[in-house]
Amino acid sequence: MDARGGPYATVHVVDDDDGVRKALGRMLDAAGYRVRGYASAGEFLMAEKADEPACLVLDVRMPGPSGLDLQSALARQEDPLPVVFLTGHGDIPMTVRALKAGAVDFLTKPVDKRTLLAAVDGALAQAASRRAERDVLADLQARYAALSPREREVFAQVVTGKLNKQIAGDIGAAERTVKAHRAKVMEKMQAGSVADLVRMAERLGPTSSPRERAPHD
Amino acid sequence: VGFGSTARRALLALLTAPCLWAQPQAPDDTRAAEPSRASAGPFYSVVESQREYRDLLVAGLVTLVAQTGLIVALLVQSRRRRRAELEAQRQRAELAHASRLSAVGQLMASIAHEINQPLGAILSNAEAAQMLLEADPPQLERVRQILADIGHEDRRASDVIRHVRSLVGKAPTEMRALALNDVALEVLDLVGGDARRRGIALVPVLHPSLRPVRGDRVQLQQALLNLILNGMEALAEARDRERRIVVRTKPGDDAWVELVVADTGPGITADRLPRLFDSFYTTKPDGLGLGLSIVRSIAEAHGGRVEAESSGRGAVFRLRLPALPPGGEFKRYS
(Lines give C-alpha, C1' and ligand atoms only; values in the text may rest on other atoms or scores of the structure.)
Protein backbone atom coordinates (compact mmCIF):
# COMPACT_ATOMS: atom_id res chain seq x y z
CA MET A 1 0.00 0.00 0.00
CA ASP A 2 1.39 3.37 -0.96
CA ALA A 3 0.39 6.84 0.19
CA ARG A 4 -2.61 7.04 -2.08
CA GLY A 5 -4.26 4.05 -0.51
CA GLY A 6 -3.03 1.48 -2.98
CA PRO A 7 -5.04 -0.51 -5.46
CA TYR A 8 -8.13 -0.42 -3.30
CA ALA A 9 -8.57 3.35 -3.45
CA THR A 10 -11.63 4.43 -5.37
CA VAL A 11 -12.09 7.80 -7.04
CA HIS A 12 -15.68 8.81 -7.68
CA VAL A 13 -15.84 11.21 -10.63
CA VAL A 14 -19.01 13.33 -10.84
CA ASP A 15 -19.19 15.40 -14.04
CA ASP A 16 -22.16 15.89 -16.34
CA ASP A 17 -19.94 16.18 -19.41
CA ASP A 18 -19.62 12.66 -20.86
CA GLY A 19 -16.40 13.41 -22.71
CA VAL A 20 -14.71 14.93 -19.69
CA ARG A 21 -15.89 12.22 -17.32
CA LYS A 22 -14.69 9.48 -19.64
CA ALA A 23 -11.29 11.10 -20.15
CA LEU A 24 -10.74 11.77 -16.44
CA GLY A 25 -11.78 8.21 -15.69
CA ARG A 26 -9.32 6.80 -18.21
CA MET A 27 -6.49 8.89 -16.86
CA LEU A 28 -7.14 7.96 -13.23
CA ASP A 29 -7.63 4.34 -14.22
CA ALA A 30 -4.31 4.29 -16.07
CA ALA A 31 -2.73 5.83 -12.96
CA GLY A 32 -3.91 2.85 -10.92
CA TYR A 33 -7.08 3.96 -9.18
CA ARG A 34 -10.41 2.28 -9.27
CA VAL A 35 -12.73 4.79 -10.93
CA ARG A 36 -16.47 5.17 -10.87
CA GLY A 37 -18.25 7.84 -12.91
CA TYR A 38 -21.55 9.60 -12.32
CA ALA A 39 -23.34 12.10 -14.60
CA SER A 40 -25.01 14.02 -11.78
CA ALA A 41 -25.00 14.67 -8.06
CA GLY A 42 -28.24 12.70 -7.77
CA GLU A 43 -26.79 9.69 -9.55
CA PHE A 44 -23.88 9.70 -7.11
CA LEU A 45 -26.10 9.93 -4.05
CA MET A 46 -28.30 7.09 -5.28
CA ALA A 47 -25.42 4.78 -6.09
CA GLU A 48 -24.46 1.90 -3.87
CA LYS A 49 -20.99 2.59 -2.48
CA ALA A 50 -18.67 0.07 -0.93
CA ASP A 51 -17.02 0.83 2.41
CA GLU A 52 -13.53 1.55 1.16
CA PRO A 53 -11.05 4.41 1.12
CA ALA A 54 -12.32 6.80 -1.53
CA CYS A 55 -12.52 10.40 -2.60
CA LEU A 56 -14.67 12.52 -4.83
CA VAL A 57 -13.63 14.48 -7.94
CA LEU A 58 -16.50 16.87 -8.43
CA ASP A 59 -17.44 19.30 -11.19
CA VAL A 60 -18.78 22.51 -9.68
CA ARG A 61 -21.23 23.35 -12.42
CA MET A 62 -23.81 20.74 -13.23
CA PRO A 63 -27.46 20.84 -14.15
CA GLY A 64 -29.64 20.14 -11.15
CA PRO A 65 -27.80 20.19 -7.83
CA SER A 66 -24.35 21.71 -8.27
CA GLY A 67 -21.09 20.32 -6.97
CA LEU A 68 -21.29 22.71 -4.04
CA ASP A 69 -24.79 21.44 -3.23
CA LEU A 70 -23.53 17.87 -3.27
CA GLN A 71 -20.64 18.83 -1.02
CA SER A 72 -22.94 20.32 1.60
CA ALA A 73 -25.28 17.31 1.36
CA LEU A 74 -22.32 15.00 1.96
CA ALA A 75 -21.01 17.14 4.81
CA ARG A 76 -24.17 16.29 6.76
CA GLN A 77 -23.34 12.61 6.51
CA GLU A 78 -21.42 10.88 9.25
CA ASP A 79 -18.35 10.06 7.23
CA PRO A 80 -18.00 12.58 4.39
CA LEU A 81 -15.73 11.75 1.46
CA PRO A 82 -12.91 14.22 0.85
CA VAL A 83 -13.73 16.36 -2.20
CA VAL A 84 -11.50 17.68 -4.99
CA PHE A 85 -13.35 20.28 -7.03
CA LEU A 86 -12.93 20.83 -10.73
CA THR A 87 -14.26 23.95 -12.37
CA GLY A 88 -14.24 25.58 -15.77
CA HIS A 89 -13.81 29.02 -14.31
CA GLY A 90 -13.44 29.34 -10.60
CA ASP A 91 -14.48 32.67 -9.20
CA ILE A 92 -13.14 33.62 -5.83
CA PRO A 93 -16.37 33.47 -3.77
CA MET A 94 -17.08 29.99 -5.12
CA THR A 95 -13.58 28.81 -4.28
CA VAL A 96 -13.76 30.26 -0.80
CA ARG A 97 -17.12 28.65 -0.17
CA ALA A 98 -15.88 25.25 -1.32
CA LEU A 99 -12.66 25.38 0.67
CA LYS A 100 -14.45 26.61 3.80
CA ALA A 101 -16.80 23.67 3.48
CA GLY A 102 -13.78 21.40 3.61
CA ALA A 103 -12.78 20.82 -0.01
CA VAL A 104 -9.30 19.36 -0.29
CA ASP A 105 -8.54 21.26 -3.48
CA PHE A 106 -10.12 23.48 -6.10
CA LEU A 107 -8.68 22.92 -9.56
CA THR A 108 -9.35 24.73 -12.81
CA LYS A 109 -10.05 22.83 -16.01
CA PRO A 110 -8.29 21.78 -18.08
CA VAL A 111 -6.34 20.10 -15.30
CA ASP A 112 -3.07 18.28 -15.97
CA LYS A 113 -2.23 14.86 -14.66
CA ARG A 114 0.32 15.93 -12.05
CA THR A 115 -1.96 18.49 -10.44
CA LEU A 116 -4.98 16.21 -10.39
CA LEU A 117 -3.11 13.16 -9.10
CA ALA A 118 -1.50 15.23 -6.35
CA ALA A 119 -4.91 16.51 -5.28
CA VAL A 120 -6.47 13.04 -5.45
CA ASP A 121 -3.61 11.60 -3.39
CA GLY A 122 -4.10 14.33 -0.82
CA ALA A 123 -7.81 13.59 -0.67
CA LEU A 124 -7.23 9.84 -0.35
CA ALA A 125 -4.66 10.41 2.38
CA GLN A 126 -7.27 12.41 4.23
CA ALA A 127 -9.80 9.65 3.68
CA ALA A 128 -7.32 7.08 4.96
CA SER A 129 -6.54 9.03 8.13
CA ARG A 130 -10.25 9.63 8.74
CA ARG A 131 -10.84 5.92 8.31
CA ALA A 132 -8.02 5.07 10.68
CA GLU A 133 -9.45 7.45 13.21
CA ARG A 134 -12.87 5.97 12.75
CA ASP A 135 -11.50 2.44 13.22
CA VAL A 136 -9.72 3.42 16.42
CA LEU A 137 -12.90 4.98 17.73
CA ALA A 138 -14.97 1.93 16.81
CA ASP A 139 -12.42 -0.23 18.61
CA LEU A 140 -12.56 1.94 21.71
CA GLN A 141 -16.33 1.91 21.68
CA ALA A 142 -16.30 -1.87 21.49
CA ARG A 143 -13.97 -2.04 24.48
CA TYR A 144 -16.11 0.41 26.42
CA ALA A 145 -19.21 -1.59 25.61
CA ALA A 146 -17.56 -4.60 27.25
CA LEU A 147 -17.36 -2.82 30.61
CA SER A 148 -19.94 -3.65 33.29
CA PRO A 149 -22.12 -0.81 34.61
CA ARG A 150 -20.10 -0.68 37.80
CA GLU A 151 -16.84 -0.58 35.89
CA ARG A 152 -18.17 2.30 33.75
CA GLU A 153 -18.97 4.19 36.90
CA VAL A 154 -15.45 3.68 38.17
CA PHE A 155 -14.03 4.61 34.73
CA ALA A 156 -15.92 7.92 34.76
CA GLN A 157 -14.57 8.72 38.21
CA VAL A 158 -11.00 7.68 37.53
CA VAL A 159 -10.66 9.95 34.50
CA THR A 160 -11.67 12.96 36.59
CA GLY A 161 -8.52 12.32 38.63
CA LYS A 162 -10.09 10.98 41.81
CA LEU A 163 -8.26 8.65 44.11
CA ASN A 164 -9.60 5.17 44.94
CA LYS A 165 -10.56 6.30 48.43
CA GLN A 166 -12.64 9.23 47.11
CA ILE A 167 -14.32 7.02 44.51
CA ALA A 168 -15.12 4.45 47.15
CA GLY A 169 -16.84 7.15 49.20
CA ASP A 170 -18.73 8.50 46.20
CA ILE A 171 -20.13 5.21 44.95
CA GLY A 172 -20.49 3.62 48.33
CA ALA A 173 -18.11 0.66 47.95
CA ALA A 174 -15.01 -0.65 49.68
CA GLU A 175 -11.71 0.80 48.51
CA ARG A 176 -10.52 -2.70 47.72
CA THR A 177 -13.49 -3.31 45.44
CA VAL A 178 -12.81 -0.01 43.62
CA LYS A 179 -9.19 -1.03 43.18
CA ALA A 180 -10.28 -4.31 41.63
CA HIS A 181 -12.75 -2.53 39.30
CA ARG A 182 -10.07 -0.05 38.31
CA ALA A 183 -7.64 -2.87 37.40
CA LYS A 184 -10.40 -4.52 35.36
CA VAL A 185 -11.14 -1.23 33.53
CA MET A 186 -7.45 -0.72 32.71
CA GLU A 187 -7.26 -4.24 31.40
CA LYS A 188 -10.48 -4.21 29.35
CA MET A 189 -9.72 -0.78 27.86
CA GLN A 190 -6.11 -1.84 27.20
CA ALA A 191 -4.85 1.30 28.88
CA GLY A 192 -1.25 1.42 30.13
CA SER A 193 -1.80 4.37 32.45
CA VAL A 194 -4.43 6.73 33.78
CA ALA A 195 -3.24 9.26 31.19
CA ASP A 196 -4.07 6.72 28.46
CA LEU A 197 -7.48 6.23 29.94
CA VAL A 198 -8.11 9.98 30.00
CA ARG A 199 -7.23 10.25 26.27
CA MET A 200 -9.62 7.38 25.54
CA ALA A 201 -12.37 9.08 27.50
CA GLU A 202 -11.83 12.23 25.46
CA ARG A 203 -12.18 10.27 22.25
CA LEU A 204 -15.28 8.48 23.42
CA GLY A 205 -16.95 11.73 24.36
CA PRO A 206 -19.74 12.37 26.86
CA THR A 207 -20.74 8.69 27.13
CA SER A 208 -17.72 8.01 29.28
CA SER A 209 -17.19 11.21 31.20
CA PRO A 210 -19.37 13.79 32.89
CA ARG A 211 -17.79 16.46 30.70
CA GLU A 212 -19.75 17.76 27.66
CA ARG A 213 -18.25 17.06 24.25
CA ALA A 214 -17.21 20.32 22.60
CA PRO A 215 -19.33 21.19 19.57
CA HIS A 216 -17.11 20.64 16.54
CA ASP A 217 -18.74 22.43 13.60
CA VAL B 1 -28.08 61.92 -71.15
CA GLY B 2 -30.61 61.22 -73.94
CA PHE B 3 -32.83 63.87 -72.56
CA GLY B 4 -30.10 66.43 -72.37
CA SER B 5 -29.28 66.09 -76.07
CA THR B 6 -32.94 66.37 -77.13
CA ALA B 7 -33.29 69.51 -75.13
CA ARG B 8 -30.12 70.89 -76.68
CA ARG B 9 -31.44 70.17 -80.18
CA ALA B 10 -34.71 71.93 -79.43
CA LEU B 11 -32.85 74.92 -78.10
CA LEU B 12 -30.66 75.00 -81.21
CA ALA B 13 -33.74 74.95 -83.46
CA LEU B 14 -35.13 77.89 -81.57
CA LEU B 15 -31.96 79.92 -81.84
CA THR B 16 -31.58 79.32 -85.59
CA ALA B 17 -35.06 80.74 -86.27
CA PRO B 18 -34.45 84.47 -85.56
CA CYS B 19 -37.49 85.51 -87.60
CA LEU B 20 -39.74 84.14 -84.92
CA TRP B 21 -38.22 86.45 -82.37
CA ALA B 22 -38.67 89.42 -84.73
CA GLN B 23 -42.34 89.36 -83.78
CA PRO B 24 -42.44 90.76 -80.23
CA GLN B 25 -46.04 89.72 -79.80
CA ALA B 26 -47.18 87.62 -76.89
CA PRO B 27 -49.58 84.70 -77.56
CA ASP B 28 -52.41 86.81 -76.14
CA ASP B 29 -52.07 89.27 -78.99
CA THR B 30 -53.19 86.61 -81.43
CA ARG B 31 -56.65 86.72 -80.05
CA ALA B 32 -56.69 90.52 -79.94
CA ALA B 33 -55.68 90.72 -83.62
CA GLU B 34 -58.31 88.26 -84.74
CA PRO B 35 -61.13 90.68 -85.81
CA SER B 36 -58.79 92.37 -88.35
CA ARG B 37 -57.72 89.01 -89.78
CA ALA B 38 -60.18 89.02 -92.70
CA SER B 39 -59.19 92.48 -93.94
CA ALA B 40 -55.53 91.87 -93.60
CA GLY B 41 -55.08 90.33 -97.03
CA PRO B 42 -52.83 87.48 -98.29
CA PHE B 43 -49.66 88.88 -96.69
CA TYR B 44 -51.16 88.42 -93.26
CA SER B 45 -51.64 84.63 -93.67
CA VAL B 46 -47.86 84.14 -93.97
CA VAL B 47 -47.34 86.00 -90.72
CA GLU B 48 -50.13 83.98 -89.15
CA SER B 49 -48.72 80.60 -90.14
CA GLN B 50 -45.33 81.70 -88.84
CA ARG B 51 -47.00 82.59 -85.58
CA GLU B 52 -48.75 79.24 -85.31
CA TYR B 53 -45.48 77.47 -85.97
CA ARG B 54 -43.88 79.50 -83.21
CA ASP B 55 -46.71 78.76 -80.78
CA LEU B 56 -46.44 75.07 -81.51
CA LEU B 57 -42.70 75.12 -81.01
CA VAL B 58 -42.93 77.06 -77.74
CA ALA B 59 -45.62 74.72 -76.42
CA GLY B 60 -43.54 71.70 -77.38
CA LEU B 61 -40.48 73.19 -75.84
CA VAL B 62 -42.22 74.06 -72.60
CA THR B 63 -43.61 70.54 -72.36
CA LEU B 64 -40.20 69.13 -73.09
CA VAL B 65 -38.46 71.24 -70.48
CA ALA B 66 -41.15 70.53 -67.91
CA GLN B 67 -40.97 66.79 -68.54
CA THR B 68 -37.19 66.80 -68.42
CA GLY B 69 -37.27 68.71 -65.16
CA LEU B 70 -39.81 66.36 -63.70
CA ILE B 71 -37.94 63.26 -64.74
CA VAL B 72 -34.64 64.60 -63.47
CA ALA B 73 -36.28 65.54 -60.18
CA LEU B 74 -37.84 62.09 -59.86
CA LEU B 75 -34.53 60.43 -60.63
CA VAL B 76 -32.72 62.53 -58.07
CA GLN B 77 -35.40 61.85 -55.49
CA SER B 78 -35.42 58.11 -56.06
CA ARG B 79 -31.66 57.97 -55.95
CA ARG B 80 -31.68 59.93 -52.72
CA ARG B 81 -34.32 57.66 -51.26
CA ARG B 82 -32.40 54.58 -52.28
CA ARG B 83 -29.26 55.97 -50.74
CA ALA B 84 -31.15 56.74 -47.54
CA GLU B 85 -32.57 53.23 -47.52
CA LEU B 86 -29.15 51.71 -47.99
CA GLU B 87 -27.81 53.91 -45.26
CA ALA B 88 -30.62 52.88 -42.92
CA GLN B 89 -30.02 49.25 -43.81
CA ARG B 90 -26.31 49.67 -43.14
CA GLN B 91 -27.03 51.30 -39.80
CA ARG B 92 -29.44 48.52 -38.87
CA ALA B 93 -26.82 45.95 -39.76
CA GLU B 94 -24.21 47.83 -37.70
CA LEU B 95 -26.56 47.98 -34.76
CA ALA B 96 -27.42 44.31 -35.07
CA HIS B 97 -23.75 43.48 -35.24
CA ALA B 98 -22.96 45.61 -32.20
CA SER B 99 -25.75 43.91 -30.30
CA ARG B 100 -24.46 40.48 -31.34
CA LEU B 101 -21.04 41.44 -30.06
CA SER B 102 -22.50 42.51 -26.76
CA ALA B 103 -24.56 39.31 -26.50
CA VAL B 104 -21.49 37.21 -27.18
CA GLY B 105 -19.62 39.34 -24.64
CA GLN B 106 -22.22 38.48 -22.03
CA LEU B 107 -21.76 34.82 -22.85
CA MET B 108 -17.97 34.95 -22.83
CA ALA B 109 -17.56 33.12 -19.53
CA SER B 110 -19.73 30.23 -20.60
CA ILE B 111 -18.20 30.14 -24.08
CA ALA B 112 -14.80 29.80 -22.43
CA HIS B 113 -16.29 26.96 -20.41
CA GLU B 114 -17.69 25.27 -23.52
CA ILE B 115 -14.22 25.34 -25.08
CA ASN B 116 -12.46 24.36 -21.88
CA GLN B 117 -14.51 21.20 -21.47
CA PRO B 118 -13.31 19.48 -24.66
CA LEU B 119 -9.80 20.84 -24.09
CA GLY B 120 -9.78 19.25 -20.64
CA ALA B 121 -11.05 15.98 -22.09
CA ILE B 122 -8.34 16.05 -24.77
CA LEU B 123 -5.63 16.63 -22.16
CA SER B 124 -6.77 13.81 -19.87
CA ASN B 125 -7.23 11.49 -22.83
CA ALA B 126 -3.75 12.24 -24.12
CA GLU B 127 -2.24 11.62 -20.67
CA ALA B 128 -4.14 8.36 -20.33
CA ALA B 129 -2.95 7.29 -23.79
CA GLN B 130 0.64 8.03 -22.83
CA MET B 131 0.38 5.87 -19.73
CA LEU B 132 -1.28 3.06 -21.68
CA LEU B 133 1.52 3.14 -24.25
CA GLU B 134 4.13 2.98 -21.48
CA ALA B 135 2.36 0.02 -19.90
CA ASP B 136 3.74 -3.45 -20.46
CA PRO B 137 2.36 -4.63 -22.80
CA PRO B 138 1.11 -1.35 -24.37
CA GLN B 139 -2.67 -1.33 -24.57
CA LEU B 140 -3.01 -0.33 -28.19
CA GLU B 141 -6.73 -1.01 -28.58
CA ARG B 142 -7.60 1.36 -25.75
CA VAL B 143 -5.21 3.96 -27.16
CA ARG B 144 -7.00 3.69 -30.50
CA GLN B 145 -10.35 4.42 -28.83
CA ILE B 146 -8.81 7.34 -26.99
CA LEU B 147 -7.45 8.82 -30.21
CA ALA B 148 -10.90 8.63 -31.81
CA ASP B 149 -12.36 10.45 -28.79
CA ILE B 150 -9.64 13.09 -28.95
CA GLY B 151 -10.68 13.81 -32.54
CA HIS B 152 -14.29 14.05 -31.44
CA GLU B 153 -13.49 16.44 -28.58
CA ASP B 154 -11.40 18.58 -30.90
CA ARG B 155 -14.31 18.95 -33.31
CA ARG B 156 -16.51 19.87 -30.37
CA ALA B 157 -14.20 22.73 -29.43
CA SER B 158 -13.90 23.98 -32.98
CA ASP B 159 -17.70 23.87 -33.40
CA VAL B 160 -18.05 26.26 -30.49
CA ILE B 161 -15.51 28.58 -32.04
CA ARG B 162 -17.26 28.37 -35.41
CA HIS B 163 -20.61 29.30 -33.84
CA VAL B 164 -19.10 32.23 -32.03
CA ARG B 165 -17.24 33.39 -35.11
CA SER B 166 -20.36 33.33 -37.24
CA LEU B 167 -22.13 35.51 -34.68
CA VAL B 168 -19.23 37.88 -34.19
CA GLY B 169 -18.26 38.16 -37.84
CA LYS B 170 -19.75 40.65 -40.26
CA ALA B 171 -21.07 38.29 -42.87
CA PRO B 172 -23.36 39.84 -45.48
CA THR B 173 -27.00 38.82 -45.26
CA GLU B 174 -27.52 35.49 -46.94
CA MET B 175 -31.08 34.32 -47.35
CA ARG B 176 -31.37 30.58 -47.78
CA ALA B 177 -33.54 27.67 -46.80
CA LEU B 178 -32.98 26.84 -43.15
CA ALA B 179 -34.22 24.31 -40.63
CA LEU B 180 -35.34 26.38 -37.67
CA ASN B 181 -34.51 23.47 -35.36
CA ASP B 182 -30.85 23.60 -36.37
CA VAL B 183 -30.78 27.33 -35.77
CA ALA B 184 -32.31 26.74 -32.33
CA LEU B 185 -29.91 23.93 -31.43
CA GLU B 186 -26.86 26.02 -32.29
CA VAL B 187 -28.06 28.87 -30.12
CA LEU B 188 -28.92 26.48 -27.28
CA ASP B 189 -25.40 25.06 -27.50
CA LEU B 190 -24.04 28.54 -27.11
CA VAL B 191 -26.16 29.69 -24.18
CA GLY B 192 -26.52 26.30 -22.48
CA GLY B 193 -23.52 26.79 -20.24
CA ASP B 194 -24.55 30.27 -19.25
CA ALA B 195 -28.05 29.12 -18.36
CA ARG B 196 -26.63 26.31 -16.27
CA ARG B 197 -24.36 28.70 -14.44
CA ARG B 198 -27.33 30.90 -13.66
CA GLY B 199 -29.32 27.88 -12.48
CA ILE B 200 -31.84 28.17 -15.30
CA ALA B 201 -33.23 25.11 -17.04
CA LEU B 202 -33.19 25.65 -20.80
CA VAL B 203 -35.70 23.23 -22.27
CA PRO B 204 -35.87 22.68 -26.03
CA VAL B 205 -39.16 21.35 -27.40
CA LEU B 206 -38.45 21.05 -31.11
CA HIS B 207 -41.10 19.88 -33.55
CA PRO B 208 -39.69 16.88 -35.45
CA SER B 209 -41.12 17.68 -38.89
CA LEU B 210 -41.00 21.41 -39.17
CA ARG B 211 -41.13 23.06 -42.58
CA PRO B 212 -38.01 25.03 -43.46
CA VAL B 213 -37.94 28.81 -43.60
CA ARG B 214 -36.06 31.16 -45.83
CA GLY B 215 -33.72 33.33 -43.86
CA ASP B 216 -30.31 34.48 -42.80
CA ARG B 217 -28.93 31.98 -40.30
CA VAL B 218 -26.95 34.49 -38.25
CA GLN B 219 -29.85 36.92 -38.02
CA LEU B 220 -32.29 34.24 -36.91
CA GLN B 221 -29.77 32.97 -34.37
CA GLN B 222 -29.42 36.49 -33.11
CA ALA B 223 -33.18 36.89 -32.79
CA LEU B 224 -33.41 33.71 -30.73
CA LEU B 225 -30.31 34.59 -28.71
CA ASN B 226 -31.81 37.97 -27.83
CA LEU B 227 -35.09 36.38 -26.79
CA ILE B 228 -33.30 33.84 -24.58
CA LEU B 229 -31.01 36.45 -23.03
CA ASN B 230 -34.08 38.56 -22.38
CA GLY B 231 -35.73 35.60 -20.66
CA MET B 232 -32.62 34.90 -18.57
CA GLU B 233 -32.55 38.50 -17.43
CA ALA B 234 -36.22 38.28 -16.49
CA LEU B 235 -35.38 35.21 -14.40
CA ALA B 236 -32.38 36.87 -12.75
CA GLU B 237 -34.70 38.68 -10.38
CA ALA B 238 -36.86 35.62 -9.77
CA ARG B 239 -35.28 33.73 -6.92
CA ASP B 240 -38.36 32.26 -5.32
CA ARG B 241 -39.82 30.49 -8.34
CA GLU B 242 -39.02 27.83 -10.87
CA ARG B 243 -36.36 29.11 -13.27
CA ARG B 244 -37.06 27.70 -16.69
CA ILE B 245 -37.02 28.84 -20.32
CA VAL B 246 -38.76 26.69 -22.91
CA VAL B 247 -37.62 27.12 -26.51
CA ARG B 248 -40.25 25.62 -28.77
CA THR B 249 -40.49 25.28 -32.53
CA LYS B 250 -43.84 24.33 -34.01
CA PRO B 251 -45.95 24.69 -37.14
CA GLY B 252 -48.20 27.73 -36.93
CA ASP B 253 -51.43 28.48 -38.81
CA ASP B 254 -51.33 28.07 -42.59
CA ALA B 255 -47.89 28.60 -44.00
CA TRP B 256 -46.17 29.77 -40.85
CA VAL B 257 -43.69 28.26 -38.49
CA GLU B 258 -43.27 29.53 -34.98
CA LEU B 259 -40.36 29.91 -32.63
CA VAL B 260 -41.63 30.38 -29.10
CA VAL B 261 -39.54 31.42 -26.12
CA ALA B 262 -41.41 31.16 -22.82
CA ASP B 263 -39.90 31.98 -19.44
CA THR B 264 -41.16 31.51 -15.91
CA GLY B 265 -40.16 35.03 -14.86
CA PRO B 266 -42.39 37.71 -13.39
CA GLY B 267 -43.94 38.50 -16.79
CA ILE B 268 -44.50 41.88 -18.42
CA THR B 269 -47.00 44.40 -17.11
CA ALA B 270 -49.77 45.40 -19.52
CA ASP B 271 -48.57 49.00 -19.80
CA ARG B 272 -45.16 47.85 -20.97
CA LEU B 273 -46.36 45.39 -23.60
CA PRO B 274 -47.14 47.89 -26.40
CA ARG B 275 -43.71 49.53 -26.28
CA LEU B 276 -41.74 46.36 -25.72
CA PHE B 277 -40.26 46.18 -29.19
CA ASP B 278 -39.47 49.89 -29.52
CA SER B 279 -35.85 50.88 -29.87
CA PHE B 280 -34.24 52.21 -26.72
CA TYR B 281 -37.20 51.08 -24.61
CA THR B 282 -35.83 49.30 -21.60
CA THR B 283 -36.77 48.54 -18.02
CA LYS B 284 -33.29 47.47 -17.05
CA PRO B 285 -30.85 49.86 -15.44
CA ASP B 286 -27.99 48.87 -17.75
CA GLY B 287 -30.00 47.84 -20.81
CA LEU B 288 -29.76 49.61 -24.12
CA GLY B 289 -33.25 48.67 -25.19
CA LEU B 290 -32.03 47.22 -28.46
CA GLY B 291 -32.39 43.47 -28.01
CA LEU B 292 -36.10 43.15 -28.67
CA SER B 293 -36.21 45.92 -31.28
CA ILE B 294 -33.57 44.01 -33.20
CA VAL B 295 -35.69 40.88 -32.91
CA ARG B 296 -38.56 42.78 -34.46
CA SER B 297 -36.51 44.18 -37.32
CA ILE B 298 -35.11 40.71 -38.04
CA ALA B 299 -38.64 39.27 -37.98
CA GLU B 300 -39.83 41.93 -40.40
CA ALA B 301 -36.85 41.48 -42.71
CA HIS B 302 -37.90 37.82 -42.94
CA GLY B 303 -41.51 38.63 -43.76
CA GLY B 304 -42.57 37.55 -40.29
CA ARG B 305 -43.45 39.16 -37.02
CA VAL B 306 -42.84 38.88 -33.33
CA GLU B 307 -45.30 39.34 -30.52
CA ALA B 308 -45.25 39.06 -26.77
CA GLU B 309 -47.83 38.01 -24.27
CA SER B 310 -47.64 37.77 -20.54
CA SER B 311 -49.43 35.98 -17.79
CA GLY B 312 -48.79 35.48 -14.11
CA ARG B 313 -46.60 32.57 -15.06
CA GLY B 314 -44.11 34.48 -17.18
CA ALA B 315 -43.64 36.01 -20.59
CA VAL B 316 -44.07 34.30 -23.96
CA PHE B 317 -42.40 35.62 -27.12
CA ARG B 318 -43.64 34.25 -30.41
CA LEU B 319 -41.60 34.73 -33.57
CA ARG B 320 -43.60 33.77 -36.67
CA LEU B 321 -41.87 33.16 -39.96
CA PRO B 322 -43.30 32.18 -43.34
CA ALA B 323 -42.60 28.52 -44.11
CA LEU B 324 -41.12 27.44 -47.40
CA PRO B 325 -43.39 25.21 -49.48
CA PRO B 326 -42.72 21.54 -48.83
CA GLY B 327 -40.11 20.04 -51.12
CA GLY B 328 -38.79 23.50 -51.91
CA GLU B 329 -35.16 24.52 -52.06
CA PHE B 330 -34.57 23.06 -48.62
CA LYS B 331 -31.12 21.80 -47.88
CA ARG B 332 -29.64 21.06 -44.49
CA TYR B 333 -26.71 23.36 -44.05
CA SER B 334 -24.95 21.29 -41.44
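The model is predicted, so local features need pLDDT of at least 70 and side-chain atom pairs count only at pLDDT 80 or more, while totals for chains, interfaces and linings use all residues. Residues are numbered from 1 along each chain as its sequence is written, chains are lettered from A in the order in which they are written, and side-chain values use heavy atoms, with hydrogens and water left out.

**Stop 1: the interface**

Select both chains. The contact (heavy atoms within 4.5 Å) takes 23 residues from chain B and 23 residues from chain A. About 2,000 Å² is buried between the two chains, and carbon and sulfur atoms give 54% of that area; buried area is the accessible area (1.4 Å probe) that two parts lose on being put together, summed over both. Now pick Q117(B), M131(B) and R196(B): in chain B they lose the most area to chain A, together 28% of what that side buries.

**Stop 2: polar and charged pairs**

Ten residue pairs between chain B and chain A are in polar contact, both residues being at pLDDT 80 or more. A polar contact is a pair of N or O atoms within 3.5 Å; within protein, one must be able to donate a hydrogen and the other to accept it, and residues adjacent in sequence count only if both atoms are side-chain atoms.

On the chain B side, colour α5 (108-134), α6 (140-168) and α7 (180-197), each of which supplies at least two residues touching chain A. Helices here are DSSP runs (H or I, at least four residues) and strands likewise (E, at least two), numbered from the N terminus. The most comes from α5(B), with 14 residues.

Five salt bridges cross this interface, and the count over all chains is 31. The rule asks for a side-chain nitrogen of Lys or Arg within 4 Å of a carboxyl oxygen of Asp or Glu. Show R26(A) and D149(B), which form a salt bridge with the closest N and O atoms 2.9 Å apart. Then show R156(B) and D17(A), whose side chains meet in another salt bridge at 2.5 Å, N to O. This pair runs from helix α6 of chain B to the loop between β1 (10-14) and α1 of chain A.

**Stop 3: the cavity**

Select V20(A), L24(A), L86(A), K109(A), P110(A), V111(A), G120(B), A121(B) and S124(B), which line the largest cavity. Its volume is about 30 Å³. The largest share of the lining, three residues, comes from α5(B).

A cavity is a set of points on a 1 Å grid over the protein atoms alone where a 1.4 Å probe fits but cannot get out, and lining residues have an atom within 4 Å of a point. Grid points are joined across faces, edges and corners, and a volume is the space filled by probe spheres set on the points.

Key: On a 1 Å grid over the protein atoms alone, a cavity is a set of points where a 1.4 Å probe fits but cannot get out, and a pocket is an open set with protein on both sides within 12 Å along at least five of seven lines; lining residues have an atom within 4 Å of a point.
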